[in-house]
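Subject: Structure for you to look at

Hello,

Here is the structure I promised. Please open it and keep it in view while you read on.

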Amino acid sequence: MELQMWREILCPYDLAVEELKLKFVHIMNEYRTAGRYSPIEQVDGRVKSISSILDKMQRKKININEIETDLEDIAGIRVICQFVEDIDRVVEIIEQRSDMEIKTKKDYITKAKDSGYRSFHVIIYYDVDTIYGKKRIQAEIQIRTLAMNFWATVEHSLQYKYKENIPEHITEKLMNAADAIVVLDKEMSIVRDEIMDAQNSFRKKANIVSEILSTMQNLYKVANKQEVIKMQDEFYKIYETGDMEQLIHFNKQLDIIAEGYRAQSLS
């Protein structure tokens, strides 16, 4: 197949990856803007390289005319979560969406691969609009924890280096590491509520501080500068105490002052 033909085939997959990445990032930001814990921590994606496609075609004995039906992971999205419990929530989010149709689900967490690999895979159908019209493609969404992703990234690099024939002593170390990651994820789940509370408090404080500073900046343009400087000094004193209740109260009082000047934060 000519290089230009490959580019034409893969172009819709590029579009799908960019759109899907944007949508999952938007979901993550929606949760955080609403002051809620996001089950999505990070999002990444890629289109399989031509060499990787050729390798898989050879390994799986796939005809070149059947790559778009037989290869489900030409477009790949990786959704990273903090906790194992978050993975089920991400799957639910995908199931509820009207723009993603689930073809199959593969649970490599309940039953890990022989190599120790753990992840949850969802194969979806996804429509993209191209210059030739609408095209339905397949995409693989991998959902895993930060710890699982670390292991999978290392294992993938070793598979590439050793052409899928990793030496036995390294395989043994990988299996030990995979077992350790299972323990790590379980331990993190035990303190999940505490971690979530701490992270939500941090984000809430960061959002309030951002609103205060934005309002201050707007007030500086329209109000008495000496008065604004006094407000800034008061803000710094409250911030140093770390008292969230005082910070929230200060933000409300600042909004009342700014309202008179029509200088509220637009954030």
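How do the residues of the lining of the largest pocket divide into nonpolar, polar and charged? There are 6 nonpolar, 10 polar and 17 charged residues. Keep in mind that this is a predicted model.

More on that pocket. It holds about 1400 Å³ of space. Its lining has 33 residues, and K48, R59, D73, H156 and E164 lie nearest its centre. α5 gives the most, with 7 residues.

The second largest pocket has about 190 Å³ of space. Its lining includes E8, I9, Y132 and K135. Both α1 (3-33) and β5 give two or more residues to it. The largest share, 4 residues, comes from α1. Here the lining divides into 5 nonpolar, 2 polar and 3 charged residues.

Now the sheet. Strands of a sheet pair through backbone hydrogen bonds, either parallel or antiparallel. β3 and β4 (residues 120-130) run antiparallel, joined by 6 bridges. In that pair, D107 stands opposite F120.

Last, the record. An unreviewed UniProt entry places "domain: RelA/SpoT" at residues 45-166. That span is 36% helix and 34% strand.

Best wishes

Conventions. Residues are numbered from 1 along each chain as its sequence is written. This is a predicted model: local features need pLDDT of at least 70, side-chain atom pairs count only at pLDDT 80 or more; totals for chains, interfaces and linings use all residues. Side-chain values use heavy atoms; hydrogens and water are left out. UniProt positions are given in the numbering used here, feature names are shortened, and annotations may be inferred rather than shown by experiment. Two strands pair if DSSP finds at least two bridges between them. On a 1 Å grid over the protein atoms alone, a cavity is a set of points where a 1.4 Å probe fits but cannot get out, and a pocket is an open set with protein on both sides within 12 Å along at least five of seven lines; lining residues have an atom within 4 Å of a point. Grid points are joined across faces, edges and corners, and a volume is the space filled by probe spheres set on the points. Ala, Val, Leu, Ile, Met, Phe, Trp, Tyr, Cys and Pro count as nonpolar, Asp, Glu, Lys and Arg as charged, and the others, Gly among them, as polar.
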